[in-house]
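Student: I would like a close look at one helix and what surrounds it. Please take a single part and stay with it.

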Amino acid sequence: MRTWPRFRSSSQRSVLKGARVELRPLVDADFVEWQAVRRANREWLVPWEPLASPTQPDVVEDRFAFAGRCSARDHERQMDAGYGFGVFAAGRLVGEMNLSGVQRGPFQSGHVGYWIDQRYAGRQYAPEALVVVLDYAFEALGLHRVQVDIIPRNHASQRVVEKLGLRSEGVALRYLEINGRWEDHIRYAITSEEWQVRGPELVAAWLS
């Protein structure tokens, strides 16, 4: 694994740096701020997310459930199965960017999902944070392929990947359960071969 210049690690947290954003794993102490952001964005986010389990505590309202979520993300990182990050701008939480479902062996792939606080939408934080994660995925983790799956009517999320020129691979029918419905998703992807060509341009445009 290469030494990655935009990555800082300590015994407590790992930090990825962009030009304006900082990505780091969420910890228990982030609960109050995270809760306030999620409450403020409930109507903005619920249509694009899976239904919460009715038998489990509400992670937005239950501090212990949030702590469990943080622990689960820590375990995923330790197992090289996923890398979840809060997105911070000027020290304020503005969203999350998650590289999940990491598969090694012949796949060497992962999926990226993200959300941004509606109050900060349009400020280019999401595409910048996505470039940070793509750079980390290819340069530090050595993945071969990263995929982003988006509901066709979610135009805000589509604009993020289109700004970066990610390749559309078509529509996967009834791909994921979202808000109680099986939804079609457009599959956007980029491979390490494409990153070798386009990565320097994306890094220069978004992270410099």
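Tutor: What follows is a look at helix α3, its packing partner and the cavity beside it. The model is predicted. Helix α3 covers residues 63-78, and helix α1 covers residues 31-40. Two packed helices are described by the angle between their axes and the distance between the axes. Here the axes of α1 and α3 come within 11 Å and cross at roughly 105°. An angle from 65 to 115 degrees counts as roughly perpendicular, and α1 and α3 are therefore roughly perpendicular to each other.

The residues that meet are F31, V32 and W34 from α1, and R63, F66 and R69 from α3. Sorted by class, this contact has 4 nonpolar and 2 charged residues, with no polar ones.

The contact also holds an aromatic pair, F31 with F66. In the whole structure, a search finds 6 aromatic pairs. For F31 and F66, the ring centres are 5.4 Å apart and the planes stand at 50°, so the pair is tilted. F31 belongs to α1 and F66 to α3, so to speak of distant parts of the chain: the two are 35 residues apart.

The search of the whole structure finds 1 cavity of 30 Å³ or more, and the largest cavity holds about 70 Å³ of space. Its lining consists of P25, L26, R69, C70, R73, D74, R77, G84, F85, G86, E96 and N98. Strands β4 (83-89) and β5 (92-103), like α3, each supply at least two residues. By class, the lining has 4 nonpolar, 3 polar and 5 charged residues.

Definitions and conventions: Residues numbered from 1 in each chain as written. Predicted model: local features only at pLDDT ≥ 70, side-chain atom pairs only at ≥ 80, totals over all residues. Heavy atoms only, no water. Axes fitted to C-alpha atoms, helices over the stretch in contact; angles between N-to-C directions. Helix = DSSP H or I, 4+ residues; strand = E, 2+ residues; numbered from the N terminus. Parallel < 35°, antiparallel > 145°, perpendicular 65-115°, else oblique. Contact = heavy atoms within 4.5 Å. Nonpolar A, V, L, I, M, F, W, Y, C, P; charged D, E, K, R; others polar. 1 Å grid on protein atoms, 1.4 Å probe; cavity = no way out; pocket = protein on both sides within 12 Å on 5 of 7 lines; lining within 4 Å. Points joined across faces, edges and corners; volume = space filled by probe spheres on them. Phe/Tyr/Trp six-rings, centres within 6.5 Å; stacked < 30°, edge-to-face > 60°.
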